[in-house]
Structure formats: C-alpha cells, structure tokens
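This report goes through a single structure by topic, from backbone details to side-chain pairs and surface. Please keep the sequence and the coordinates at hand while reading.

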Amino acid sequence: VRLVRSMKYLVSAVLCGILCIALCVPTASAHSMAYFDMVNDVLRGINYYDVLSVDGLATPKEIKKAHRLLAIKYHPDKDPSEEAAVKFLMIQRAADVLSNEESREEYDNLLKNGVPLADRYYHRHMHRMGVPQHDPVWVVFWLTTLSTGVHWWNRWSNHWNIHRRVKESKYYKTLRKQNAEAAGLSAKELKKLDKKGKIAGDQAQEIEPEINIKGAERPTVWDLLPILIVRSIYSGIKSVLEWIDLRMIKRIPPPTEEEIRRKQVEEYVGRPLT
C-alpha cells in the first residue's frame, strides 16, 4: 500500500518534470531575432557574402568597405525606388551579421552544416508567432508554485466536502445528540446553540463527534506537493530496499491474502486487531 501511494506521487513528479522540460526546450534552443532572420534568408537562398560582393574569407575591413560603397549606391536619397529600398535593407542586414564575429560564426555554420531540423521547422515558426522566451528557472518555479497551490486547494476541498457530508448524515446527527445529552444539554438547547453558533472550545469537543476518515485529514505543511514528492521518493526507495531485504536476502515468504487484509484493516482503524 505504501509503495502504491509513493508511486502515485512519483508519477505526478515525473509528469511535472516532463511538462517543465517541454516548456524549457524552446527556451534552451531559442535564438535572437537576427538568428532567425539568418535562417529565413539561408532557406530562401540568400547569401550575405554575395549581397556585399565579397568572398567568404573577407576581412572585417573589406566587409566594412563593401558595405559603405553599396550603402551609398542604394541609399534612398540616391535611389528612391522600391527595389533599391529592399536592396538597401538587405545590405544593412548582411553587414550587421558579417561585421559581428559571433553572428558571422553562426552564419558560416548555417552555410556549412545547414539549418538544424528544429530551427528549420518548429523554432522558426514559433519565433514567427512571437512565443516569448522563458527563463527555465522561472518556468520551473512558477509551475511548481501553481501545482502546489492547486494540490493544496484540492486537499482542503476534499477535507471540507467529506466533513460536510459526514455532518449531514443521520448517524452523525444522532451521535451528536447523544453527546449533547451526556454533556447535560437538551435537544432544544443544542438547537439554540447551533443557531447562535456558540458551540466552541471544550464544549465543542464534548459534543462534536470526532471525524477520523483516512484521506480526509486536515492538510498540514507535510502535505505540500514538493514535500510529498520528496517523501514519496524516499518511501518508494525504502519500500524497494525492504522488499529486496525480505524476499531476496532473508527469503521471507510473501504475506497471505488474509494477512494483507488484516494489515489494511489495522491501518484503516489506526490500531492493531486482537
């Protein structure tokens, strides 16, 4: 039973981890806008060296000189045509990439090895759609916080709903009346106190029957999702080690069905059976 409970939270942890990785993958491989402009131009067959009329071994000075001459030639003040404007923008983009050592190295790598498959399809289109670039640390932090909040609210909601249903049952009401009579309160006095909402403290402990339902306990700090995951991993590892110790080292036979049912009943009632 403990192993099954541990596996449940372990599976939850694995699913959260997969979701974190899925959210962080686009970030880890995300590039600047200039990079995807390079990708688009490479896929369209545009070569920045040809745009500037230089070869692949051109020095920064040669690139700067070629850019200056072409920028003067196709500047909108010299040539107001639309074709010249497009050419001027492409010259500027090529010069920006090739005059920067890091971006030029990336561009040369794209020309030599081709565009990576992920950048060719998925990341390229995600970039075009304007998907924000996330910091993986903050993705994990906020995802963990959100999951913990939802899980915590679910535990409280489960606690409240089960207690409300129990208090609405005939058995609970009958037991409550019996406790009130034992405390010296009549049914009318109990009803008046309920309307005024004055049952509290020691009197409430005497009258209100204790609700002890497994799975509906009041949540504590130990029920926070990150702590539960750590405890479940520890419990799962401990259960596996105990199983290895009992079955493979000490070679103790597995319990019978009757022993398993007896142990489950003892865990449910919270005391050993006589």
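Does Ser53 count as buried or exposed, and what is its relative accessibility? Ser53 counts as exposed because its relative accessibility is 62%, above the 50% cut-off for that class.

## Model and confidence

The model is predicted. Its average pLDDT is 77, and 76% of the residues score at least 70. Over residues 24-29 the pLDDT stays under 50. For this stretch the model has 10 contacts beyond four places in sequence.

## Overall make-up

The protein has 14 helices and zero strands. Its pattern along the sequence is accordingly α-α-α-α-α-α-α-α-α-α-α-α-α-α. Among contacts between residues at least 6 apart in sequence, 70% join residues at least 24 apart.

Of the 274 residues, 25% count as buried.

Ser53 sits in the loop between helix H3 (48-52) and helix H4 (60-74). Although Ser53 is not a glycine, its phi is positive, at about 60°.

A positive phi also occurs at Gly45, with a value of about 85°.

Helix H2 covers residues 33-43. Its buried residues are Tyr35, Phe36, Met38, Val39, Asp41 and Val42. Asp41, one of these, has a relative accessible area of 0% and is therefore buried, the limit for that class being under 20%.

Asp41 forms a salt bridge with Arg44, and the closest N and O atoms are 3.2 Å apart. What does the accessibility of Arg44 make it, buried or exposed? Arg44 counts as exposed, because its relative accessibility is 57%. The bridge between Asp41 and Arg44 belongs to a network of salt bridges that links Asp41, Arg44 and Arg93.

## Salt bridges involving helix H9

A search of the whole structure gives five salt bridges. One of them joins the side chains of Arg155 and Asp223, at 3.7 Å from N to O. Which parts does this pair tie together? Arg155 lies in helix H9 and Asp223 in the loop between helix H12 (201-207) and H13, so the pair ties together parts that are 68 residues apart in sequence. Both Arg155 and Asp223 are buried.

Glu168 forms a salt bridge with Arg164, with the closest N and O atoms 3.6 Å apart. Arg164 has a relative accessibility of 41% and so counts as partly exposed.

## Aromatic pairs in the tryptophan cluster

Six aromatic pairs are found in a search of the whole structure. How are the rings of Trp153 and Trp160 arranged? Their centres are 5.6 Å apart and their planes stand at 70°, so the pair is edge-to-face; planes over 60 degrees apart fall in that class. The rings of Trp156 and Trp160 have centres 5.2 Å apart and planes at 35°, so this pair is tilted.

Trp156 and Trp160 are four residues apart in helix H9 (residues 136-167), about one turn of the helix. An α-helix has 3.6 residues a turn, so residues three or four places apart point the same way. Trp152, Trp153, Trp156 and Trp160 form one aromatic cluster.

Trp156 counts as buried because its relative accessibility is 16%. Trp160, at 43%, counts as partly exposed. Trp153 has a relative accessible area of 55% and is therefore exposed.

Which residues make the nonpolar surface patch of about 540 Å²? The patch is made by Ile233, Ile237, Val240, Leu241, Trp243 and Ile244. Leu241, one of these residues, lies in helix H13 (residues 225-249). Leu241 is exposed, because its relative accessible area is 53%.

Technical notes: Residues are numbered from 1 along each chain as its sequence is written. This is a predicted model: local features need pLDDT of at least 70, side-chain atom pairs count only at pLDDT 80 or more; totals for chains, interfaces and linings use all residues. Side-chain values use heavy atoms; hydrogens and water are left out. Buried means under 20% relative accessible area, exposed over 50%, partly exposed in between (1.4 Å probe, protein chains only). Helices (H or I, at least four residues) and strands (E, at least two) are DSSP runs, numbered from the N terminus. Patches are made of residues with over 30% relative accessible area and no salt bridge: like charges are joined within 9 Å, nonpolar side chains (Val, Leu, Ile, Met, Phe, Trp, Tyr) within 5 Å. Accessible areas come from the Shrake-Rupley method with a 1.4 Å probe; for residues, only the protein chains shown count as cover. A salt bridge is a side-chain nitrogen of Lys or Arg within 4 Å of a carboxyl oxygen of Asp or Glu. pLDDT is the predictor's confidence in each residue, from 0 to 100. Contact means heavy atoms within 4.5 Å. Rings of Phe, Tyr and Trp (its six-membered ring) pair if their centres lie within 6.5 Å; planes under 30 degrees apart count as stacked, over 60 as edge-to-face and the rest as tilted.
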